[in-house]
Amino acid sequence: MPADWHKTACSLCYLNCGLEVQIEDRSITRVRGDKQHPRSQGYLCQKAQRLTFLGDHDDRLTTPLRRRPDGTHEPIDWDTALSEIAGRLTALRDADRAAGRPGSLAYVGGGGQGNHSGGGYGKALLSWMGGTRYFNALSQEKTGDFWVNGRMFGDQTCHTAEGVEECDLLVVLGCNPWLAHGFSNARSALNTIKNDPARKMIVVDPRRTETAQAAELHLALRPGTDAYLLAAMIAMIIERNGQDAEFLAARTEGFAEVAEVLARVPVDAWIAHAEVERADVERAVDMILDARAMTVRVELGIQQGRHSTLNSYLEKLLYLVTGNFGRAGTNNLHTWLLPLWGNSRGQRSEITGFEYIGGLLPTNTMAEEVLTDHPHRIRALWVESSNPANTYADTARVEEAIRACELSVVVDVAYTETAALADYVLPAAAQHEKWEFTLFDFEWPTNYFQVRRPLFEPLAGTLVEAEIYARLFEMLGVLPDAATLAELTETARSDRTNLLRRAGEVMSDHPGLAEIVPVLLYSTLGATLPDGAASIAPLWAGCQRLAGRMTTPLQRALGSDSTGPELGNELFDRILASPSGTPFSRHTHDEVWELVKRERVQLAVPELLEWLDRLDPDAERPDPQYPFSLVSGQRRSHNANQILRPPAWRKTDLDGALRARSADLASIGADNGDWVAVATRTGRIVVRAEVDESMRAMQLALPHGFGMSVPDGQGGRVVNGPRINLITDAADRDPIAGTPHHKDVPVLLEPATAAERELAERDSLRVREVVAATKG
Ligand SMILES: Nc1nc2c(c(=O)[nH]1)N[C@H]1C(S)=C(S)[C@@H](COP(=O)(O)OP(=O)(O)OC[C@H]3O[C@@H](n4cnc5c(=O)[nH]c(N)nc54)[C@H](O)[C@@H]3O)O[C@H]1N2
Ligand SMILES: Nc1nc2c(c(=O)[nH]1)N[C@H]1C(S)=C(S)[C@@H](COP(=O)(O)OP(=O)(O)OC[C@H]3O[C@@H](n4cnc5c(=O)[nH]c(N)nc54)[C@H](O)[C@@H]3O)O[C@H]1N2
Ligand code: SF4
Ligand SMILES: [Mo]
């Protein structure tokens with residue numbers, strides 16, 4: 001009998017490739033790519049095969065927990081947990097109001113790589129509490145980019161996409177799509193370019209990455225020098241009159257100011273500072289000027305590199321000055337079903353002075369917002385689907401901040417390092433146990449959306465996030481009475497189009513209800529949706545808004561000529577009826593100009609031109625005390641953020657090794673397999689060394705996605721691999737976005753002491769025992 005294949009998606013990175021899986025009891029047993037998924041078309045990588053480790057494991061939470069005075073946790077039932085939390089939230093909200101201070105609860109997380117169904121509810125809580133402080137992974141990698149987009153394109157939600165499939169030149173700047181993906185079907189796309197003599201790739205990365213090996217040209221620059229190299233390249237382009245004058249005149253303003261600053265760039269000196277060959281840079285410029293359609297793909301190498309916001313600006317100038325924007329195969333903007341972040345207008349934190357970008361404050365400042373005497377400090381943290389105790393810079397300070405809060409609540413599927421510190425821990429149903437989706441829909445000119453159906457019942461004791469929040473708000477007394485909810489539910493069933501109008505009337509009688517629209521939709525419209533899809537009800541409001549603001553592209557995607565609320569309803573129903581996902585917008589390339597929120601793209605951003613003018617190679621010589629540059633958080637074959645906790649999921653790199661050239665290891669008398677110490681002013685960790693000649697000289701790499709403390713099977717816990725943020729410095733950050741310089745951390749490499757070696761070896765063996773004892 002042929003086994004059933006169920007449609008779902010992989011949530012191990014933000015691409016969320018469509019999958020078909022076979023299941024047995026509560027496990028995924030076989031995985032293959034879903035050929036009907038309109039975007040990924042059957043593609044998957046090696047990580048998806050390990051999804052079976054995502055479900056039931058020793059660290060899954062199955063009951064709410066409460067912290068005892070001695071710091072340990074005790075299980076409590078849901079009613080007790082939620083009513084105690086509701087009581088403490090109410091007291092805090094009352095105290096905030098009485099003191100006339102802004103809401104002192106902050107929200108952290110709200111979704112990882114593939115689970116964004118909970119975030120809207122969490123933000124509703126933040127809003128009801130009168131708070132604005134919101135931190136998540138985007139504000140430690142992407143907010144510099146958003147800030148630049150705001151200035152150049154007119155809105156921080158003007159986010160760019162790459163035309164990798166149709167370009168004839170792909171510039172890969174500070175990322176490694178072979179391992180990290182980042183765009184659809186990355187390996188296939190890279191191979192296609194490699195095998196086509198008419199198409200080329202340039203990689204700018206200190207390391208000879210897997211991607212660089214497939215490139216025509218690799219510029220192995222010194223870490224942290226991208227701004228110098230990019231500025232020199234753009235200066236050379238303008239010197240050669242290589243700018244696209246027609247495009248610049250028709251679509252942009254400010255070129256003259258930019259050209260004036262770039263004319264002052266000492267090109268040779270800056271190329272020398274980046275430690276690349278002038279001839280190679282000339283070749284790169286030739287390739288760019290010869291390209292019919294260039295697209296630039298960037299990620300953490302520049303966004304978590306030195307001068308990151310300036311890098312994001314120069315990256316955009318490179319394609320805009322050469323007119324590689326708004327056509328097939330170039331960079332473009334993309335649509336959204338629901339924007340994952342907002343547009344901030346210069347509001348700043350009273351405590352650190354950092355600007356809100358996209359509605360977010362820098363994760364690097366979270367601890368500062370707590371650990372201060374300022375009367376407006378953060379007093380409570382609500383963490384959902386994030387593990388800041390491992391993923392935010394300077395772990396010790398982050399842990400201190402969580403402990404210092406009057407109230408900390410963690411909503412997660414697993415007993416994370418953050419959960420271990422929280423006052424209350426609430427167990428959520430996991431990825432394949434609920435309706436779920438990602439809002440990382442970044443495609444252009446056609447964009448897609450998939451809602452995944454549950455494969456399993458929620459694990460006993462857990463709740464879907466939407467239900468957690470609905471119960472909480474009921475206890476907080478914010479939801480209307482049962483009769484009113486029943487009436488709204490009936491409206492949703494019989495006259496969906498009128499739901500928002502009727503809900504609006506109810507809101508005017510119920511203070512606070514307007515802050516929690518997602519919860520209201522869950523409790524009303526949700527109850528009318530098929531197969532228990534209640535938690536995705538807020539998407540309906542997104543479909544309605546989209547129908548209003550992007551009618552034609554949506555009509556094309558659906559092949560429909562409806563308009564208004566009816567079109568929104570059609571989209572929502574189509575999404576529900578399309579288990580492999582469905583297109584929701586189809587544009588022509590020219591229509592990108594409707595997404596740009598200014599008359600013309602603004603090329604001249606004064607703060608960044610001043611920054612460029614101030615760059616000084618002499619101010620950036622390596623610190624002799626910390627002479628190596630560490631990539632803290634390298635993406636590898638078997639890491640996936642903090643998503644998969646059981647160490648047995650990793651087929652390679654069980655210890656999360658430090659990678660370095662043999663000569664660099666030899667300089668401290670170390671060799672392949674030895675335990676070595678990596679130290680900074682913030683901390684010191686002991687790690688396994690592994691020779692990797694693809695690293696640049698004096699560059700080291702430690703992996704992202706390790707440092708979880710997992711049950712050792714003997715009643716204790718053991719840490720799997722490096723907790724890299726024990727050594728990162730939250731103050732080593734971008735001046736505008738506050739994002740960390742994680743790809744260029746100055747470190748000292750030392751031999752480990754005998755005692756350190758012994759401890760590390762013991763833990764490594766314990767992890768291996770855990771792996772041996774795990775089936776899979
Ligand atoms: N396997 C795997 N894939 C993942 C993830 C994962 O955990 N594992 N996580 C996902 C997430 S959340 C993200 S944000 C992406 C990140 O994806 P990427 O940014 O592609 O991955 P990284 O390995 O962090 O860093 C990219 C590259 O930057 C280079 N680099 C270091 N310093 C510099 C520099 O100064 N200049 C330049 N130009 N390059 C430099 C490094 O050598 C490295 O090759 O990956 C996603 N995909
Ligand atoms: N030094 C250094 N630090 C870094 C990076 C680096 O390169 N170097 N990279 C940064 C980047 S780019 C990123 S994106 C961040 C990622 O760091 P985080 O924002 O902390 O996110 P994840 O690591 O993805 O952790 C996801 C959490 O969600 C939980 N989870 C999974 N499914 C569900 C669910 O359905 N519901 C709930 N409630 N919880 C769930 C998991 O158990 C896990 O605890 O790390 C950042 N930190
Ligand atoms: S890890 Fe990313 S690229 Fe790999 S299968 Fe999952 S979603 Fe696709
Ligand atoms: Mo990320």
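These notebook entries record what I looked up in a predicted model.

**Ligand 3.** I began with the surroundings of ligand 3. I found Cys 10, Leu 12, Cys 13, Asn 16, Cys 17, Leu 44, Cys 45, Lys 47, Ala 48 and His 181 around it. Sorted by class, this shell holds 7 nonpolar, 2 polar and 1 charged residues. I also noted that the space ligand 3 takes up is the second largest cavity.

**Helix H11.** I next checked the length of helix H11, residues 278-290. At 1.5 Å a residue, its 13 residues should span 18 Å, and the C-alpha atoms at its ends are 18 Å apart, so the two values agree. I then listed the buried residues of H11, which are Val 281, Ala 284, Val 285, Met 287 and Ile 288. Viewed down the helix axis, the buried residues of H11 fall within an arc of 160°, and therefore they line one face. In an α-helix, residues three or four places apart point the same way, because there are 3.6 residues a turn. On the face of H11 turned away from the buried side I recorded the exposed residues Ala 279 and Asp 290.

**Backbone geometry.** I looked up a cis peptide bond and found it between Trp 444 and Pro 445, with omega about 5°. Pro 445 belongs to the loop between strand S18 (436-437) and strand S19 (446-449).

His 307 has a phi of about 60° and lies in the loop between helix H12 (300-303) and helix H13 (308-321). For Asp 531, phi is near 55°, and the residue is in the loop between helix H20 (517-523) and helix H21 (538-549).

Are these residues buried or exposed? His 307 has 11% relative accessibility and so counts as buried, being under 20%. Asp 531, at 57%, is over 50% and therefore counts as exposed.

Note on methods: Residues numbered from 1 in each chain as written. Chains lettered and ligands numbered in written order. Predicted model: local features only at pLDDT ≥ 70, side-chain atom pairs only at ≥ 80, totals over all residues. Heavy atoms only, no water. Near = heavy atom within 4 Å. 1 Å grid on protein atoms, 1.4 Å probe; cavity = no way out; pocket = protein on both sides within 12 Å on 5 of 7 lines; lining within 4 Å. Sits in = over half its atoms within 2 Å of the grid points. Nonpolar A, V, L, I, M, F, W, Y, C, P; charged D, E, K, R; others polar. Helix = DSSP H or I, 4+ residues; strand = E, 2+ residues; numbered from the N terminus. Expected span 1.5 Å × (residues − 1). Buried < 20%, exposed > 50% of the residue type's maximum accessible area, 1.4 Å probe, protein only. Arc of directions from axis to C-beta.
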